[in-house]
2 protein chains.
Amino acid sequence: MRTIIECVPNISEGKDRASIDAIAAAVRGVTGVRLLDVSSDASHNRSVLTFVGDGPAVRAGVLALFEAALSRIDLRSHRGEHPRMGAVDVVPFVPIEGVTMADCVALARKVGAEVAARFQIPVYLYEEASANPARKNLEDIRRGEFEGLAKKMATAGWTPDFGPATPHPSAGAAVIGARMPLIAYNINLATDRLDVAKKIAAAIRHSSGGYRFVKAMGITLEDRGIVQVSMNLTNFEKTPIFRVFETVKREAARYGVAILESEIVGLVPAAALMSTAEFYLQIEGFKPAQVLENKLRTEN
Amino acid sequence: MRTIIECVPNISEGKDRASIDAIAAAVRGVTGVRLLDVSSDASHNRSVLTFVGDGPAVRAGVLALFEAALSRIDLRSHRGEHPRMGAVDVVPFVPIEGVTMADCVALARKVGAEVAARFQIPVYLYEEASANPARKNLEDIRRGEFEGLAKKMATAGWTPDFGPATPHPSAGAAVIGARMPLIAYNINLATDRLDVAKKIAAAIRHSSGGYRFVKAMGITLEDRGIVQVSMNLTNFEKTPIFRVFETVKREAARYGVAILESEIVGLVPAAALMSTAEFYLQIEGFKPAQVLENKLRTEN
């Protein structure tokens, strides 16, 4: 069976097309790597690359990415709306096929150590790769950003997992780790009542007592005159999409509000939709090998 | 994009292992063909082969199958519980990926003409490949079986689509066509009342006024003390699995009966489960390219 790991590095450059193209080209040039997407946001001054390959290929892709980014990005002159503390800010490895989370954790540690040694950049491990509960969430690690990094690194508990105990002058520090695929999932409500969307978001998100792997907020879609519960599902195996949907539906009904529709933004793993079909159809004993396309794939 | 057509020929040999193996080997030996499964039933005295490939590969696979089967199967001495009128009895082509039903219909006609010319076997086109409403259903074409074939072929309306106007002495006639993938789908009810299962089956199946692409019957699962609505869904795009499930659930509720569980027997196309998730989650504007695995595949 083939091995597919997805890597979704975020770099602190979203305006200079020549720099972005050069960094993307460095990744694309690595044998065994397939660069699927590059999305840049000028106001955030940040780009997100998505590439896949087996372990050795994505490792080489990340090293090529750092090499290309370090000569082109200087955080001392970087401005943008999105928080950041590194030229290469975050590098998550995501298990997709024929590979476990433990494999991705091991890869994150190996690549983290290599990046630190080769480029003299402090590296923090995050999410599944973190061994330290206080340094699991990206937001906690990045708080204070590049400008506050030297001071933060000097305080207790913030020695990096790999590399020097002080920031790289132009590149800050990097956060490397492993996580499940994210699903960006929105549910539109048949109402213009923002308070309802906000109450539902609060009911389902982890930070205020909801599901462990849900981030949510209520927003207004001005052009349509309706409100939306906008979510990130950070582990669809443990907090499945159908349970979130049913809970939102039930909470909305309490206010006399119906669900208008939902939407998946960007990519979704097939397994997240398969498990939804299994749930609603009450299918017992279903195996992934029963999906015709999976059978064709494994017999390749 | 790659092209995948599935071919599921039924041959009239289910006992003699040497013959079955030799026929399977002939198919497997064709370049570009992947033989996924061979299922034999001794009491039916019949085997079902499942193989995939692009158009030219499955065409060559079918010709190799006929060549190998004709020298090993003689219907004059064939006995079995399953109705049949050909040594190679039925050959459906099924569109799986990167190919339309129209492509499979064209292939069925081309291969049908070749089989008739090369082996002097009368060929009837069926299902989507049939241009004659009276000769669309396999059961209608096969009625009378091998033993009644000479008489049937002599009556008005039964001139074959290709080949001689009389049966092949040992191989009878072949039925070749194109159809959608079949889904074998069962719903178990939380009751032992067979009358309820039979009433629900009658309500949903095409033959008694139900959905166009549902075949259904009510049966008892003796070992479990419950009943089952046992179904074949013959076109999951036009009669989707979720609509069948919801209708069975509603009809059962009318008798105070709940659905215990459902089961998919054998293979199911991913699209049948994807559309189920879309339905229940009320997902708008979803595209197959959003499924991560599809994206990986198309970028290969």
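Predicted model: local features only at pLDDT ≥ 70, side-chain atom pairs only at ≥ 80, totals over all residues.
A salt bridge is a side-chain nitrogen of Lys or Arg within 4 Å of a carboxyl oxygen of Asp or Glu. Glu246(A) is partly exposed, at 26% relative accessibility. Lys249(A) is partly exposed as well, with a relative accessible area of 36%.

A search of the whole structure gives 27 salt bridges over all chains. Another of them joins Asp140(A) to Arg143(A), where the closest N and O atoms are 3.1 Å apart. Here Asp140(A) counts as partly exposed at 24% relative accessibility, while Arg143(A) is exposed, with a relative accessible area of 54%. Salt bridges can also be linked to each other: Arg46(A), Asp89(A) and Arg142(A) form such a network.

In chain B, Arg59(B) forms a salt bridge with Glu114(B), and the closest N and O atoms are 2.7 Å apart. Arg59(B) is in helix 2 (residues 55–70) of chain B and Glu114(B) is in helix 3 (residues 101–119) of chain B, so this pair ties together parts that are 55 residues apart in sequence. Arg59(B) is partly exposed, with a relative accessible area of 23%. Glu114(B) has a relative accessible area of 19%, and because buried means under 20%, Glu114(B) is buried.

His78(A) counts as buried, at 4% relative accessibility. A polar atom of the His78(A) side chain lies 2.9 Å from the backbone oxygen of Asn45(A). Apart from neighbours within four places in sequence, the residues in contact with His78(A) are Ser12(A), Glu13(A), His44(A), Asn45(A) and Arg84(A).

How are the two chains arranged? Chain B is superposed on chain A by a rotation of 180 degrees with 0.1 Å of shift along its axis, and the RMSD is 0.2 Å. The two copies are thus related as by a two-fold rotation axis. Both copies use the same surface, since 98% of the contact residues of chain B recur in chain A. Of the residues of chain B, Ala277(B) comes closest to the axis, with its C-alpha at 2.6 Å.

The size of an interface is often given as the accessible area lost when the parts come together. For chain B and chain A this buried area is about 4100 Å², with 65% of it on carbon and sulfur atoms. Leu281(B), Leu292(B) and Leu296(B) supply 16% of the area that chain B buries against chain A, more than any other three residues. The contact takes 44 residues from chain B and 43 residues from chain A.

Which kinds of pairing cross this interface? There are 0 salt bridges between chain B and chain A, but 18 residue pairs are in polar contact. Several elements of chain B each supply at least two residues to the side that touches chain A, among them strand 1 (4–7), helix 7 (241–253), helix 8 (270–281) and helix 9 (292–298). By class, that side of chain B has 27 nonpolar, 6 polar and 11 charged residues.

Notes: Residues numbered from 1 in each chain as written. Chains lettered and ligands numbered in written order. Heavy atoms only, no water. Least-squares fit on C-alpha atoms with pLDDT ≥ 70 in both. Contact = heavy atoms within 4.5 Å. Buried area = accessible area lost by both parts, 1.4 Å probe. Polar contact = N/O pair within 3.5 Å; in protein donor to acceptor, adjacent residues only side chain to side chain. Helix = DSSP H or I, 4+ residues; strand = E, 2+ residues; numbered from the N terminus. Nonpolar A, V, L, I, M, F, W, Y, C, P; charged D, E, K, R; others polar. Buried < 20%, exposed > 50% of the residue type's maximum accessible area, 1.4 Å probe, protein only.
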